[in-house]
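Below is a short report on one structure, written for a reader who is new to such descriptions. Please keep the sequence and the 3D view open while reading.

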2 protein chains.
Amino acid sequence: MLTPKQYNLLLYINKTIRETGCCPSFDEMKDAIGLKSKSGIHALIDALVERNFLRKLPHKARALEVLKLPKVRPSTVVALDGKDTIPGVEIPLYGKIAAGTPIEAIANENDKLSLPAGMVYSGSYYALTIEGDSMIEAGIMDGDTVIIKKVDTANNGDIVVALIDDAEATLKEIKKDGAYVHLIPKNSAYQTRRLPASRVKVQGILSSLIRTYH
Amino acid sequence: MLTPKQYNLLLYINKTIRETGCCPSFDEMKDAIGLKSKSGIHALIDALVERNFLRKLPHKARALEVLKLPKVRPSTVVALDGKDTIPGVEIPLYGKIAAGTPIEAIANENDKLSLPAGMVYSGSYYALTIEGDSMIEAGIMDGDTVIIKKVDTANNGDIVVALIDDAEATLKEIKKDGAYVHLIPKNSAYQTRRLPASRVKVQGILSSLIRTYH
DNA sequence: CAGATTTTGTTCTAGTTTAGTTCTAAAAAT
DNA sequence: ATTTTTAGAACTAAACTAGAACAAAATCTG
């Protein structure tokens, strides 16, 4: 994944941005990791950008953004010897859902979400990552992971994954109105959509939500 | 599927990346699994790449990525409800947190929350149930369960459990301002509180959030 | 606001160290 | 006896260090 130098620089950049609010300069970085020339920093940063740990705004000074950090976990978590286990399940993580975009068709077998058994009851479940802010007033934020229970009917007021015209999937509150359904965003900047029931398929209802900070 | 050498090497690579954040070199690997030459490592890695357990960025050093791990075989744990087991942890659920109520008053050692190991990294954690709407604009709603990492310092912008005057615990965004701290609610109907740093103790920072519907 | 100044980022060259690959042969296992 | 695994050396390539010169961005100044 990373070389030790790359890793140390990444940690230093992240720490500095968090503590001071602004990005260190190349000279500050070279002092911090003990180099005498900043050309090496340049190469390290290029490597980190290439690996998608950093992004830099082109033609700006002190304009680095940390995209992710290597997940450093205690070894007990990966000691797969069956000691620290709880009853649990793995459900597929199907990708992102956003207003106006279909769920990514790829069901990547590698993307799985582990859940304690207590979070899922009978039935079949899958997970999606939220993109966009159309449900923000329901406390569903960009980047949240939602756990969806596969069902094909829902009650008024349920938050559902709705597939429109077999093309576009979206997470909205549903309200039935005769032969029509209303798909209600929870953000006053967005409009409720009213569609013939025949064009809308319920693909599941919101069962739980997980958000990770930092 | 995998030979014992391949399996051990894969676990070692995964463990090293997770613990240190960076990828081991071939020499480190050969020492780790007890070989005297690194040419054998090369063959093992090729085999792991071919079986899609590893990916390597071409023409890069220390640029391995673990794609998947062999399935966990829960040998002794009894499956519950036909469900599987996963690596996991249990953390204490201390009760509700709301403006004006100390945590300890409602602490009950018996309430535990099970989490998949992937949700907690190094450190000690506890869980609280949110009461009230003072953080609603941060997507934290009444009834949500928050997972708190026990630490006693935080950075500006972190959402923390703050204990005021050893009496009152509250979940707020923290901002340090010299000898003072600001405790910032995320609801325009509430006021930011500015307190001398001596009256405020950080009891943990928000690590993740779980919400269950229905 | 324009121009000057300083700070910051980029590029180049060149050399050192570290890491990865390939090949051959010996040793072990089947 | 054949195949697989291991060891070792030789080689190629990437990572790292350093210095300087230059270009661009940010800041200062009148």
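## Terms and numbering

Helices (H or I, at least four residues) and strands (E, at least two) are DSSP runs, numbered from the N terminus. This is a predicted model, in which local features need pLDDT of at least 70, side-chain atom pairs count only at pLDDT 80 or more, and totals for chains, interfaces and linings use all residues. Residues are numbered from 1 along each chain as its sequence is written, while chains are lettered from A and ligands numbered from 1 in the order in which they are written.

## Chain A in outline

Chain A contains four helices and 11 strands. Of its 214 residues, 33% count as buried. A residue is buried if 20 or more other C-beta atoms lie within 10 Å of its own, exposed if 12 or fewer, and partly exposed in between, with C-beta atoms placed from the backbone.

Two residues are in contact if their C-beta atoms, placed from the backbone, lie within 7 Å. Among the contacts in chain A with a separation of 6 or more, 52% are between residues 24 or more positions apart.

## The surface near DNA strand D

A residue is near a molecule or strand if its C-beta atom, placed from the backbone, lies within 6 Å of it. DNA strand D is surrounded by 26 residues, and the closest are A:Thr3, A:Ser39, A:His59, B:Ser39 and B:His59. At least two residues of this surface come from each of helix H1 (4–20) of chain A, helix H3 (39–50) of chain A and helix H3 (39–50) of chain B. H3(A) supplies the largest share, five residues.

The surface near DNA strand D has nine nonpolar, 11 polar and six charged residues. Here Ala, Val, Leu, Ile, Met, Phe, Trp, Tyr, Cys and Pro count as nonpolar, Asp, Glu, Lys and Arg as charged, and the others, Gly among them, as polar.

## The surface near DNA strand C

Around DNA strand C there are 16 residues, of which A:Ser25, A:Phe26, A:Ser39, B:Phe26 and B:Ser39 come nearest. Two or more residues of this surface are given by each of helix H2 (26–33) and H3 of chain A, and by helix H2 (26–33) and H3 of chain B. By class, the surface near DNA strand C divides into four nonpolar, six polar and six charged residues.

## Nonpolar cores

A nonpolar core is a set of buried Ala, Val, Leu, Ile, Met, Phe, Trp, Tyr and Cys residues joined through C-beta atoms within 7 Å. The largest one has 60 residues, and the members that touch the most others are A:Val146, A:Ile148, B:Val146 and B:Ile148. A second, separate core of 30 residues includes A:Tyr7, A:Ile41, A:Leu44 and A:Leu54.

What does A:Leu48 touch, leaving aside neighbours within four places in sequence? Its contacts are A:Gln6, A:Leu10, A:Phe53 and A:Leu54. A:Leu48 lies in helix H3 of chain A and counts as buried because it has 22 C-beta neighbours inside 10 Å. A:Tyr7 is 41 residues away from A:Leu48 along the chain, yet their C-alpha atoms are separated by 8.7 Å.

## Strands of chain A

Two strands pair if DSSP finds at least two bridges between them. Strand E5 (residues 125–130) of chain A has five of its six residues buried, so it is largely enclosed by the rest of the structure. E5(A) runs antiparallel to strand E6 (residues 145–149) of chain A, and five bridges join them. One of the bridge pairs is A:Tyr125 with A:Lys149 in E6(A).

Further along, strand E8 (residues 168–177) and strand E9 (residues 180–184) of chain A pair in the antiparallel sense over five bridges. They form a hairpin with two residues between them, and A:Gly178 in the turn has a positive phi of about 65°. E9(A) also pairs with strand E10 (residues 193–196) of chain A, antiparallel and over four bridges, with A:Val181 opposite A:Leu195.

## Strands of chain B

Strand E7 (residues 159–164) and strand E8 (residues 168–177) of chain B pair in the antiparallel sense over six bridges. B:Leu163 stands opposite B:Ala169 in E8(B). The hairpin of E7(B) and E8(B) has three residues between the strands, and B:Asp165 takes a positive phi near 55°. E7(B) also pairs with strand E11 (residues 200–212) of chain B, antiparallel over five bridges; here B:Ala162 stands opposite B:Val202.
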